[in-house]
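Subject: Structure handover

Hello,

Here is the structure for your files. My notes on what was found in it follow below.

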Amino acid sequence: MKKIEAIIKPFKLDEVREALSELGVSGLTVTEVKGFGRQKGHTELYRGAEYVVDFLPKIKVEVVISAALLETAVEAIVKAANTGKIGDGKIFITPVERVIRIRTGETDETAL
């Protein structure tokens with residue numbers, strides 16, 4: 001099993017969720033986060049005063065899937081989240097040793 005963490009632009013969330021649903025992914029976790037990468041934030045005007053926004057709003061999508069579905073899921077996220085502009089985000093993939101569904105006690109693949 002693998003865990004995919006994708007940091008994406010907020011307005012791309014629905015497209016990513018739909019792309020994963022089409023693959024049969026039944027659950028995911030979404031967190032509103034802030035951060036920056038190469039774009040290093042930007043400057044904004046507020047009531048005539050200029051200020052620097054260091055941390056930009058992003059969405060972190062987390063999903064645990066079977067290893068067999070990994071490449072297809074990553075391709076779906078990349079396609080759905082891509083705008084072609086700086087700040088599109090990143091995808092991190094890590095191994096998952098064990099999963100337990102608390103309600104039923106199911107483990108690993110059956111708990112997904």
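**Lys9 and Asp88**

Lys9 and Asp88 are both buried, where buried means under 20% relative accessible area, exposed over 50% and partly exposed in between, with a 1.4 Å probe and protein chains only. Their side chains meet in a salt bridge at 3.8 Å, N to O; the term stands for a side-chain nitrogen of Lys or Arg within 4 Å of a carboxyl oxygen of Asp or Glu. Lys9 sits in the loop between β1 and α1 (13-22) and Asp88 in the loop between α2 and β6, so this pair ties together parts that are 79 residues apart in sequence.

Before the rest, the basis of these notes: this is a predicted model, in which local features need pLDDT of at least 70 and side-chain atom pairs count only at pLDDT 80 or more, while totals for chains, interfaces and linings use all residues. Residues are numbered from 1 along each chain as its sequence is written, and side-chain values use heavy atoms, with hydrogens and water left out.

**The sheet**

An open sheet is formed by four strands in the order β2-β5-β1-β6, with antiparallel pairing. Its edge strands are β2 (29-35) and β6 (89-95), each of which pairs on one side only. On average, and with direction ignored, neighbouring strands of the sheet are turned by 20° against each other. Helices (H or I, at least four residues) and strands (E, at least two) are DSSP runs numbered from the N terminus, and two strands pair if DSSP finds at least two bridges between them.

Helix α2 (residues 70-81) packs on this sheet and touches β1, β5 and β6; contact means heavy atoms within 4.5 Å. The direction of α2 makes about 5° with that of β1. Axes are lines fitted to C-alpha atoms, for helices over the stretch in contact, and angles run from 0 to 180 degrees between N-to-C directions.

Strand β5 (residues 56-65) pairs with β1 (residues 2-8) in the antiparallel sense over seven bridges. In β5, Val64 is the bridge partner of Lys3, and Val63 that of Ile4. Seven bridges also join β2 to β5, again antiparallel; here Val33 has Lys58 of β5 as its bridge partner. Seven of the 10 residues of β5 are buried, so the strand is mostly covered.

**Other salt bridges**

How many salt bridges does the structure hold? There are six. One of them joins the side chains of Lys3 and Glu62 at 3.0 Å, N to O. Lys3 lies in strand β1 and Glu62 in strand β5, so the pair ties together parts that are 59 residues apart in sequence. Lys3 is partly exposed, with a relative accessible area of 25%, whereas Glu62 counts as buried at 16%.

The side chains of Lys12 and Glu15 also meet in a salt bridge, at 3.1 Å, N to O. Lys12 counts as buried at 9% relative accessibility, and Glu15 as partly exposed at 37%.

**After β6**

Thr107 lies in the segment after β6. With a relative accessible area of 31%, Thr107 is partly exposed. Not counting residues up to four places away in sequence, Thr107 touches Arg98, Val99 and Ile100.

Regards
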